[in-house]
Structures are given as structure tokens and as C-alpha cells.
Amino acid sequence: MTDTDEPTTGAEAPGGPTSGSGLDARLVVDRGTFRLDVALTAAPGDVVALLGPNGAGKTTALRALAGLEPLTDGRLRLDGIALDRTPTESRPVGVVFQDYLLFPHLTALDNVAFGPRCRGVNRARARERAAAWLARMGLSDHAGAKPRHLSGGQAQRVALARALATNPRLLLLDEPLAALDARTRLEVRAQLRRHLAEFEAVAVLVTHDPLDAMVLADRLVVVEDGKVVQEGGPADIARRPRTDYIAQLVGLNLYRGEADGHTVRLGSGPAITTTEDLSGPVFVAFPPGAVTLYGEHPAGSSARNLWRCEVAGLETHGDQIRVALTGELALTADLTAVAAAELGLHPGAPVWATVKATQTHAYPA
């Protein structure tokens with residue numbers, strides 16, 4: 001952008017022009033004992049969330065997209081341009097870091113103006129553009145405040161405005177809500193969702209929080225041990241997890257076995273009866289809330305999914321008690337505090353667990 005260009009204001013989309021093919025990347029980074037090999041594609045307007053356990057390679061992937069981590073192999077193309085051949089400072093990429101990294105000696109206005117100034121925009125126009133972005137974020141009254149006088153939510157919005165003020169074609173967000181308390185996080189998540197919905201280029205979000213990913217992203221890419229293990233829409237990922245990590249993330253009991261009609265045999269373990277009629281390798285999933293516990297064998301029970309278990313542990317989970325069980329089948333169950341007390345649950349207590357076939361979900365592995 002030159003000094004004669006007008007700042008992005010009014011109804012103009014914050015992401016700039018809509019032309020272009022979006023992101024086409026295969027990120028290969030070798031670090032001796034660790035190798036990242038992740039393919040990412042996204043069209044303009046897409047919000048993609050990278051999910052995975054600690055050490056999976058999410059941050060390495062984000063740093064590679066930002067040009068802060070060199071590729072060992074692969075490709076990185078944005079709107080048809082090979083970014084891996086473009087100097088980092090010249091890439092049309094905006095980054096919101098986990099700790100925001102606002103300049104403590106600059107006001108909110110000058111923090112946001114910093115990006116345009118680095119791109120050659122003169123001081124007056126950069127500040128004009130920054131003021132327009134702060135107005136978008138509802139922060140006009142805080143333009144003269146320095147970071148130490150901003151709340152966590154306000155600092156997050158200033159960091160987002162700073163990233164967007166350069167009109168990036170790729171927006172990267174590294175755990176953008178992690179530094180916020182629970183109450184602020186709820187409000188800022190809703191605001192961030194609105195801003196991302198207005199962004200017309202590609203956004204890639206790294207998070208370990210499934211709720212952030214489900215609310216903010218159009219598509220989830222789950223990474224484990226440097227590789228993509230599952231990707232798809234939030235609803236599909238939540239309904240059909242394919243690894244233990246994803247199942248725990250979305251709060252499901254997950255098993256893999258061999259289906260023969262409505263029966264799924266779990267290796268050397270027990271069988272699970274399902275409503276689906278399948279054959280061959282499958283996954284079976286059901287929520288902890290689908291599990292009913294009994295202190296004694298339920299007399300006259302016709303339940304086909306009935307297992308003798310032992311309580312391994314209990315913890316508060318929202319307004320319920322989550323019970324970890326071992327025995328014929330390892331699983332988790334959610335009970336009310338009253339139900340847990342009536343059963344006299346404690347580590348080592350024997351119980352019987354049942355799940356109705358209608359509450360299970362089986363799908364091909």
C-alpha cells in the first residue's frame with residue numbers, strides 16, 4: 001500500500017480483495033527426533049483450526065506459515081504465490097500471538113499503526129487506519145491507553161486490530177484466548193467469531209480448547225505426532241472421533257473393534273451391541289452421560305451392554321461427577337452428585353455399567 005491509499009474503513013471488508021486461490025501448503029519441518037508433515041488447504045474466507053495435544057506440532061506449523069520456521073521440504077503458496085521464497089517481512093501475513101506482544105511503550109493507536117508504518121505508510125495515514133480499526137473493535141475510547149492500562153480482552157482486540165491493519169491475506173492466531181479468564185473469554189470469543197466471519201482471506205487458528213475450535217472454525221485439522229490424524233467440519237469431528245485424543249477432547253468413550261451385524265467385538269475384550277448394522281473394522285462411541293451405574297447386578301435387566309466394573313476415580317465435571325471405570329470395559333460415566341452419593345461411589349467400589357444400544361454410535365474405521 002502506498003501513502004496515497006485510503007485506510008480500510010466503512011463497509012470495506014477487513015480482509016481486502018476476495019480474489020485469489022487461498023492457502024495451499026505442505027509443511028515439512030525436520031527437527032532430528034521430530035518431523036512435522038502437515039498438508040493444509042483453505043479458500044479465502046475459511047477459518048481453519050489446528051488442534052492437537054502438547055508437542056503435536058501445532059505451533060511449529062503456525063511458525064512455518066508465518067515464515068519464522070524454515071521448511072525442510074514441501075510447499076507454501078498463498079493466492080498462487082510461493083511464500084517460502086518471499087522474505088518473512090514482505091509476506092501478507094498477520095499474526096496474533098498468544099501473549100499478544102503489544103509494545104508496552106506505545107499507545108493502543110500506535111501499536112495498531114505499527115504494521116502499516118512497517119509497510120511504508122506515512123505516520124498520519126497509518127494512525128488514521130489504526131483509528132478506524134480500533135473503532136471496529138469498539139476501542140476508540142482506549143486509543144491513547146498503553147497496554148498496562150488495558151484489560152485482557154481489550155489487549156486481545158488491540159492485537160487483532162494490529163494484525164488486520166496490514167490487510168493480510170493470511171491471518172494466524174496462536175491460542176488467542178488462552179490468556180483470558182473464563183468470563184472474559186466468553187465475551188471475547190463471541191467478538192472474535194464476528195471479526196473472523198467478516199475476514200475475507202484465510203485464517204488459521206491454533207488452540208487446545210475444543211470449544212474455541214468448534215465455535216470459531218469452519219474446519220478442524222487434528223494433528224498428533226506431527227501428522228494429520230483427522231480433519232473435517234466441527235460437527236463431523238465431534239460425532240465421529242478417530243483417536244483417543246479426539247474422543248477425550250469432545251467428551252466421548254471411544255472403542256475400535258470388528259463389527260458383525262449389530263455386534264462389535266473389542267479384541268480380547270467384551271462386545272458392544274449397536275443399532276447400526278456393519279461389517280469389518282469400526283469405531284463405537286457414546287457419551288459418558290449415556291452410562292447408567294448400579295451398585296448391584298440389575299435384577300431382570302435385559303440390557304445387552306452390561307459390564308462389571310470398578311471405580312478408578314471421581315472428579316467434578318461441570319455440575320456433575322465424572323466417574324472413571326476399569327474392569328470388563330474401561331469407560332467414563334457422568335452422574336449427578338446425588339446419584340453418586342446414593343451409590344456410595346469411591347475408588348475401588350464395584351459397580352455394574354449399562355449403555356443402551358440406541359445411545360451408541362458405530363461407524364467404519
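Me: Why does Gln98 count as partly exposed?

Reply: This is a predicted model, and the values here are computed from it. Gln98 has a relative accessibility of 33%. Buried means under 20%, and exposed means over 50%. The value for Gln98 lies in between, so Gln98 counts as partly exposed.

Me: Where is Gln98 placed?

Reply: Gln98 is in the loop between S6 and H2. Its C-alpha atom is 9.8 Å from that of Thr207. Along the chain, Gln98 and Thr207 are 109 residues apart.

Me: How many helices and strands does the protein have?

Reply: There are 9 helices and 18 strands. The C-alpha atoms fill a box of roughly 80 × 45 × 40 Å along the principal axes. Of the 365 residues, 50% count as buried.

Me: Which strand is joined to S8 by 5 bridges?

Reply: That is strand S7, residues 170-174, and it runs parallel to S8. Leu170 stands opposite Val202 in S8.

Me: What makes up the right-handed β-α-β unit?

Reply: S7, helix H5 and S8 make the unit, with H5 covering residues 182-198. Right-handed means that, with the strands pointing away from the viewer, the path from the first strand over the helix to the second runs clockwise. The unit is right-handed, so its path over H5 is clockwise in that view.

Me: Why are S11 and S18 called edge strands?

Reply: The open sheet has 3 strands in the order S11-S12-S18, with antiparallel pairing. Strand S11 (253-265) and strand S18 (361-364) each pair on one side only, and they are the edge strands. Neighbouring strands in this sheet are turned by 40° against each other on average, direction ignored.

Me: How do you know that S11 pairs with S12?

Reply: The requirement is at least two bridges, and S11 and S12 have 12, so they pair. S12 covers residues 271-286 and runs antiparallel to S11. Val264 stands opposite Ile272 in S12.

Me: What lines the largest pocket?

Reply: The pocket has a volume of about 540 Å³. It is lined by 19 residues, with Val93, Gly94, Val95, Phe97 and Arg119 nearest its centre. Strand S6 (93-96), helix H2 (108-118) and helix H4 (152-164) give two or more residues each. By class, the lining has 11 nonpolar, 4 polar and 4 charged residues.

Me: Which residues are closest to the centre of the second largest pocket?

Reply: This pocket holds about 240 Å³ of space. Among its 13 lining residues, Gln248, Leu252, Asn253, Leu254 and Thr332 are closest to the centre. Helix H8 (244-250), S11 and strand S16 (331-335) each supply at least two lining residues. The lining divides into 7 nonpolar, 4 polar and 2 charged residues.

Notes: Residues are numbered from 1 along each chain as its sequence is written. This is a predicted model: local features need pLDDT of at least 70, side-chain atom pairs count only at pLDDT 80 or more; totals for chains, interfaces and linings use all residues. Side-chain values use heavy atoms; hydrogens and water are left out. Helices (H or I, at least four residues) and strands (E, at least two) are DSSP runs, numbered from the N terminus. Axes are lines fitted to C-alpha atoms, for helices over the stretch in contact, and angles run from 0 to 180 degrees between N-to-C directions. On a 1 Å grid over the protein atoms alone, a cavity is a set of points where a 1.4 Å probe fits but cannot get out, and a pocket is an open set with protein on both sides within 12 Å along at least five of seven lines; lining residues have an atom within 4 Å of a point. Grid points are joined across faces, edges and corners, and a volume is the space filled by probe spheres set on the points. Ala, Val, Leu, Ile, Met, Phe, Trp, Tyr, Cys and Pro count as nonpolar, Asp, Glu, Lys and Arg as charged, and the others, Gly among them, as polar. Buried means under 20% relative accessible area, exposed over 50%, partly exposed in between (1.4 Å probe, protein chains only).
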